[in-house]
Amino acid sequence: MQTDTKPRLDRDARREAILDIAAEVFLEEGFDAASMSSIAAKVGGSKSTLYNYFKSKEDIFQAHVERYCNWQGQEMFALLDGEGDDVRAALTRLGRRYVTNVMSDRNMRHFRLIAAASERSPDIGRAFYEAGPLRGARLLAGFLARMKLEGRIDVPDPIAAGHQFIGLCQNRMLKARLVNYIDAPTPEEVDAEVETAVRTFMAAFGVR
C-alpha cells in the first residue's frame with residue numbers, strides 16, 4: 001500500500017505516524033465517513049490517544065493537508081535551484097515535476113477529497129490553498145523576480161506570472177483528470193504539455 005510517509009526529522013514520531021495512517025483512512029473512507037474511532041482503530045490505540053495530539057477529525061485532516069502540500073512543494077520548487085540563469089531549463093524541470101505530481105492518481109484523490117471536505121469546513125480549503133497553490137505561486141514568483149532583476153525575463157508582476165505559468169502547465173488536463181475523463185499522463189505527454197507551456201510563457205515574458 002502506497003503511503004505519504006517521507007523521511008522526517010520531527011521529534012514527535014507518534015504524531016507523524018498518526019498522520020500517516022489517518023491519510024490512508026481519509027483516502028479509503030472519505031472525509032465525511034472517516035471518524036476519530038476509525039482512525040484510532042487503525043493506529044492501534046484509543047480515541048484519547050488521538051486527542052492528545054489533535055482536537056478533532058478536522059484538525060487531523062488539516063494537519064495532513066498542510067504536511068502533504070509542504071512535501072509536494074519542497075520536491076518541486078527545489079528544482080529551481082542550481083539552474084543558474086537558464087530560465088527555460090528551470091521552468092521545464094519544474095513543469096515536468098509539477099504536471100507529473102499534480103496529475104497523478106493519488107494527487108487527484110487528494111484533490112477531490114479536499115474539495116469535498118471544504119464544502120463543510122472552509123478552513124480546510126483555505127489551509128490547502130495557502131500551503132499548496134498559493135505557496136507554490138509565491139515560490140515560483142521569487143525565482144521569476146530574481147530572473148527579472150538579472151534582465152533575463154520581463155515579468156511586470158512575478159506573482160501573477162507564477163500563477164500563469166502553473167495554469168499553462170495544468171489547465172488543459174486538470175478538469176479532465178478531476179472527472180476521470182483521462183488517465184494520468186505518460187512521460188511523453190507530460191513533456192509535450194510542458195514544452196508548450198514554457199514556449200508560450202517565454203513568448204509572453206522573454207526578453208526581446
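Author: Let us start with the word contact, which means that heavy atoms lie within 4.5 Å. The model is a predicted one, in which local features need pLDDT of at least 70 and side-chain atom pairs count only at pLDDT 80 or more, whereas totals for chains, interfaces and linings use all residues. Residues are numbered from 1 along each chain as its sequence is written, and side-chain values use heavy atoms, with hydrogens and water left out.

Reader: Which residues does Val194 touch, not counting residues up to four places away in sequence?

Author: Val194 touches Leu91, Thr92, Gly95, Arg96 and Val99, so by the definition of contact each of these has heavy atoms within 4.5 Å of it. The C-alpha atoms of Val194 and Arg96 are separated by 6.2 Å, although the two residues are 98 apart along the chain.

Reader: Why is Val194 called buried?

Author: Buried means under 20% relative accessible area, exposed means over 50%, and partly exposed is what lies in between, with a 1.4 Å probe and protein chains only. Val194 has 0% relative accessibility, and therefore it counts as buried.

Reader: How do you know where Val194 has its place?

Author: Helices are DSSP runs of H or I with at least four residues, strands are runs of E with at least two, and both are numbered from the N terminus. Val194 has its place in helix H9. By this count the protein chain has nine helices and zero strands.

Reader: What makes Ile39 count as buried?

Author: Ile39, which is found in helix H2, has 0% relative accessibility and therefore counts as buried. Leaving aside neighbours within four places in sequence, Ile39 is in contact with Ile21, Ala22, Val25, Phe26, Leu50 and Ile60.

Reader: Why is Asn180 called exposed?

Author: Asn180 has 57% relative accessibility, and so it counts as exposed. Its place is in the loop between H8 and H9, and its phi is near 60°, a positive value in a residue other than glycine.

Reader: What makes the meeting of Arg67 and Asp20 a salt bridge?

Author: A salt bridge is a side-chain nitrogen of Lys or Arg within 4 Å of a carboxyl oxygen of Asp or Glu. For Arg67 and Asp20 the N to O distance is 2.8 Å, so the pair meets the definition. Arg67 lies in helix H4 (residues 57-77) and Asp20 in helix H1 (residues 13-29), so the pair ties together parts that are 47 residues apart in sequence. A search of the whole structure finds twelve salt bridges.

Reader: How do you know that Arg172 forms a salt bridge with Glu193?

Author: The closest N and O atoms of Arg172 and Glu193 are 2.8 Å apart, which lies within the limit of 4 Å, and therefore the pair counts. Arg172 counts as exposed because its relative accessibility is 60%, whereas Glu193 counts as buried because its value is 11%.

Reader: What volume does the largest pocket have?

Author: Its volume is about 520 Å³. On a 1 Å grid over the protein atoms alone, a cavity is a set of points where a 1.4 Å probe fits but cannot get out, whereas a pocket is an open set with protein on both sides within 12 Å along at least five of seven lines, and lining residues have an atom within 4 Å of a point. Grid points are joined across faces, edges and corners, and the volume is the space filled by probe spheres set on the points.

Reader: How many residues line the largest pocket?

Author: The lining has 26 residues, of which Tyr98, Val102, Phe128, Gly132 and Pro133 lie nearest the centre. H7 gives the most, with nine residues. By class, 17 are nonpolar, eight polar and one charged, where Ala, Val, Leu, Ile, Met, Phe, Trp, Tyr, Cys and Pro count as nonpolar, Asp, Glu, Lys and Arg as charged, and the others, Gly among them, as polar.
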